[in-house]
Amino acid sequence: MPVLATGSKFSTEVVALGTTNKTTVYTVPANFSSHLENLFVSNNHSGNVTLSLFLFHAGDNTEYTLLTTYNISASSYESIFTVDRPLYLHAGDIIKCTAGTADKLVVTTACEEFFDPAR
């Protein structure tokens, strides 16, 4: 169980999807649990680009597909997870993405991480 009395730390990661290969955008550090409070995807391109989103769940050593070829409209953005719709993660869990077109999408994750010595 997370040690809430010791507080938390915030983490923001920004990854440009430079290829159409599966790319790691966030990994929960060892001995932490995390609230993924925003996964923000921006498309600064003049055409639509698709995004696929994956979760590697360390607890059962399995990768799950969360979104497949989700359309991100031209010159727009999407928030997949938000403060109102967070994703709760544990040590070793990994968020990965693929873009339908290289060099068009930027993925930003904003997390609150809690020390969790049992993980």
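A polar contact is a pair of N or O atoms within 3.5 Å; within protein, one atom must be able to donate a hydrogen and the other to accept it, and residues adjacent in sequence count only if both atoms are side-chain atoms. The structure is a predicted model, in which local features need pLDDT of at least 70 and side-chain atom pairs count only at pLDDT 80 or more, while totals for chains, interfaces and linings use all residues. Residues are numbered from 1 along each chain as its sequence is written, and side-chain values use heavy atoms, with hydrogens and water left out.

A polar contact of 3.1 Å joins the side chains of Lys96 and Glu63. Lys96 belongs to strand β8, residues 94-99 (strands are DSSP runs of E, at least two residues, numbered from the N terminus). With a relative accessible area of 18%, Lys96 is buried (buried means under 20% relative accessible area, exposed over 50%, and partly exposed in between, with a 1.4 Å probe and protein chains only). Neighbours within four places in sequence aside, the residues in contact with Lys96 include Lys22, Phe54 and Glu63 (contact means heavy atoms within 4.5 Å). Lys22 in turn lies over the face of Phe54, at 4.2 Å from the ring centre (a charge sits over a ring if NZ of Lys or CZ of Arg is within 6 Å of the ring centre and within 35 degrees of the ring normal).

Asn43 is part of strand β3, residues 32-43, and is buried at 0% relative accessibility. Its side chain reaches the backbone oxygen of Ile72 at 3.1 Å. The backbone oxygen of Ser73 also lies 3.1 Å from a polar atom of the Asn43 side chain.

The structure holds 2 aromatic pairs (rings of Phe, Tyr and Trp, the last by its six-membered ring, pair if their centres lie within 6.5 Å; planes under 30 degrees apart count as stacked, over 60 as edge-to-face and the rest as tilted). Phe32 and Phe115 form an edge-to-face pair, 5.9 Å centre to centre with 75 degrees between the planes. This pair links distant parts of the chain, 83 residues apart: Phe32 in strand β3 and Phe115 in strand β9, residues 105-115. Phe32 is buried at 16%, whereas Phe115 is partly exposed at 35%. Phe40 and Tyr77 are stacked, at 5.1 Å and 25 degrees. Phe40 lies in strand β3 and Tyr77 in strand β6, residues 76-81, so the pair ties together parts that are 37 residues apart in sequence.

Methods. Helices (H or I, at least four residues) and strands (E, at least two) are DSSP runs, numbered from the N terminus.
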